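Have the sequence and the 3D view open as you read.

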Amino acid sequence: HDDLAPKLTLEDPKPISFVKNVLTTPKDQNYCNPVGQIKDTCCDFQSVEDMQRGIFDKIQDLVKTRFFRYYKLNLWRECPFWDEDGLCMNKDCSVETTDESRLPKEWTQEALSAVQMSPAGLGFQPFKACSYKDQDYCLIEDQSNENVVYVNLLDNPERFTGYAGVSAGRVWKAIYEENCFNIVHKMTEGCKTCNNMMNIAGSAGNPLKVAEKVQQTVKEVGPGFAHVPKDTEKLDQLLSDLSETTDGGENDEEVCLEKRVYYRLISGLHSSISLHICDEWFNRTSGEWGPNLDCFVNRIGSHPERLQNVYFTYALVLRAVTKAGHFLDQYDFYTGDDKEDIKVKSMVHDLIDNASSCAPTFDEKTMFQGPDAKALKLEFRDHFRNVSRIMDCVGCEKCRLWGKIQTTGLGTALKVLFSYEDNQLNPKRTPQLLQRSEIVAMFNTLNRLSESLRAIQRFRKMYLDQVEEAEKTILTPLD
Ligand SMILES: Cc1cc2nc3c(=O)[nH]c(=O)nc-3n(C[C@H](O)[C@H](O)[C@H](O)COP(=O)(O)OP(=O)(O)OC[C@H]3O[C@@H](n4cnc5c(N)ncnc54)[C@H](O)[C@@H]3O)c2cc1C
């Protein structure tokens with residue numbers, strides 16, 4: 001499978017000709033500076049930027065603390081969907097793990113069977129074995145598995161690794177294809193195999209598109225891949241049924257809120273990862289790390305929707321963090337050092353207090369209200385769980401690490417928003433609500449999104465500076 005191995009030498013992004021741009025397009029002072037309401041949220045772009053600036057330093061300081069910088073995970077689970085044999089051997093892809101002897105002994109392997117909860121019974125439960133609870137939107141790693149390791153996130157920053165090509169593309173494709181809800185499933189009721197197949201081949205819910213997608217997927221990977229039935233006759237029949245029953249064409253307005261939210265969330269994560277790559281790009285000529293404007297313009301700047309989705313995802317996660325405020329206020333942030341525990345607790349409190357001083361950024365009560373609400377919610381949850389499993393198919397260790405953290409962070413946010421009413425987020429009523437890894441993931445995800453918003457502001461300025469430079473070049477007469 002040579003073609004599936006990650007391409008390690010990602011080509012440099014296409015350079016932007018600013019002089020040509022200035023000559024051909026009107027100067028855009030508002031470049032990458034969206035205004036107005038962020039669709040499907042209850043806040044506008046400007047207030048999100050203001051809030052992000054207000055709490056940026058607080059969240060940066062928080063993720064550096066002992067409690068938040070160590071993340072425990074299984075980095076080497078088998079990809080459950082396809083044979084992922086692409087292994088990125090680039091040194092920037094590798095993850096440095098932490099020797100457990102340097103961590104509080106209560107966190108470590110030996111204590112697994114002994115400790116489940118802090119004496120107070122509130123919160124601290126880092127060693128719970130893996131199982132999906134109904135409320136969970138993502139796979140929580142089996143903390144007692146012998147393959148789990150601790151990683152110091154500060155030693156393993158998410159940045160450009162060179163991971164790209166077929167392997168990375170296939171993971172993104174599979175993630176977007178999880179956004180396939182109800183309507184398609186209704187058409188294939190009673191056909192379990194077909195339903196499974198739809199799960200991996202689905203598109204935006206238009207049956208014709210799905211049929212085409214199935215055909216394309218089968219062509220690419222062949223029958224027998226993941227859930228695609230080996231029985232090609234059945235497949236042909238399904239495709240012809242689908243083509244007959246559809247009139248084609250999809251009306252965007254008909255895409256339900258839940259589906260839009262799902263897409264925006266994933267696309268926001270994707271944009272955020274791209275932003276980190278562009279912000280910490282490795283310049284092969286100078287041998288230095290730094291922002292790459294061409295990368296930004298190509299991947300984000302020229303796609304307004306991708307840019308806006310970062311704000312959306314930030315708004316959603318921030319709402320989840322503030323909603324969980326009461327629970328976190330009483331959580332035992334155990335680090336093995338009493339002073340540090342108190343410090344972390346007060347930092348979390350301060351952050352949430354600041355974020356809560358503004359109106360909520362997202363209204364979770366608008367979702368799952370229609371007649372199919374219950375089924376749709378289950379589907380939404382199951383699809384998101386699949387996204388966290390797809391992370392095991394990422395062929396670069398470092399990307400997998402951050403992919404896992406951020407999908408767990410988003411899954412935790414969804415759990416807080418959609419699995420519990422405000423009054424249930426009380427540790428006395430639901431002491432086992434969140435595990436340590438979920439809390440660490442949610443705050444680190446908020447931090448990465450916050451860094452992405454800051455990167456957008458920086459790239460915006462770089463872009464305008466370049467335009468100004470180009471204008472000077474045009475206006476300066478040649479000697
Ligand atoms: C989970 C995960 C984590 C990763 N982490 C890293 C990392 O830490 N460092 C690193 O260097 N590389 C990482 N990668 C690889 C990186 O995301 C890109 O895949 C790679 O840089 C190649 O980029 P590309 O320009 O070909 O397009 P990709 O980013 O691979 O995008 C594929 C296609 O998706 C569509 N698309 C792109 N962005 C969006 C969006 N925001 N919304 C909707 N559609 C979009 C476009 O059609 C695009 O062609 C990661 C990949 C995955 C799957």
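## A disulfide between Cys-79 and Cys-393

Cys-79 and Cys-393 are joined by a disulfide, with an S to S distance of 2.1 Å. Bear in mind as you look that this is a predicted model. The bond bridges distant parts of the chain, 314 residues apart: Cys-79 sits in the loop between strand 1 (70-74) and strand 2 (97-98), and Cys-393 in the loop between helix 14 (373-390) and helix 15 (397-418).

Is this disulfide right-handed or left-handed? The torsion about the S-S bond of Cys-79 and Cys-393 is about 80°, so it is right-handed. Cys-79 has a relative accessibility of 11% and therefore counts as buried. Cys-393, at 0%, counts as buried too.

## A disulfide between Cys-278 and Cys-295

The count of disulfides comes to two. Cys-278 and Cys-295 form a disulfide as well, and their sulfur atoms are 2.1 Å apart. The torsion about the S-S bond of Cys-278 and Cys-295 is about -60°, so this disulfide is left-handed.

Cys-278 is buried, because its relative accessibility is 0%. Cys-295 is buried as well, with a relative accessible area of 1%.

## Cysteines to check by eye

Cys-42 is partly exposed, at 35% relative accessible area. Cys-399 is also partly exposed, with a value of 23%.

## Around the ligand

Now for the ligand. How many residues surround it? There are 23, and the closest are Arg-159, Thr-161, Ser-267, His-270 and Ser-271. By class, this shell has 14 nonpolar, five polar and four charged residues. Helix 4 (165-177) and helix 9 (257-279) each supply at least two residues of the shell. Helix 9 gives the largest share, six residues.

A polar backbone atom of Arg-159 is 2.8 Å from a ligand nitrogen. In the side chain of Ser-267, an N or O atom is 2.7 Å from a nitrogen atom of the ligand, and a polar side-chain atom of Ser-271 lies 2.8 Å from a ligand nitrogen. The protein covers 79% of the 950 Å² of accessible area that the ligand has on its own.

Technical notes
Residues are numbered from 1 along each chain as its sequence is written. This is a predicted model: local features need pLDDT of at least 70, side-chain atom pairs count only at pLDDT 80 or more; totals for chains, interfaces and linings use all residues. Side-chain values use heavy atoms; hydrogens and water are left out. A residue is near a molecule or strand if one of its heavy atoms lies within 4 Å of it. A polar contact is a pair of N or O atoms within 3.5 Å; within protein, one must be able to donate a hydrogen and the other to accept it, and residues adjacent in sequence count only if both atoms are side-chain atoms. Accessible areas come from the Shrake-Rupley method with a 1.4 Å probe; for residues, only the protein chains shown count as cover. Helices (H or I, at least four residues) and strands (E, at least two) are DSSP runs, numbered from the N terminus. Ala, Val, Leu, Ile, Met, Phe, Trp, Tyr, Cys and Pro count as nonpolar, Asp, Glu, Lys and Arg as charged, and the others, Gly among them, as polar. A disulfide is a pair of cysteine sulfur atoms within 2.5 Å. Buried means under 20% relative accessible area, exposed over 50%, partly exposed in between (1.4 Å probe, protein chains only).
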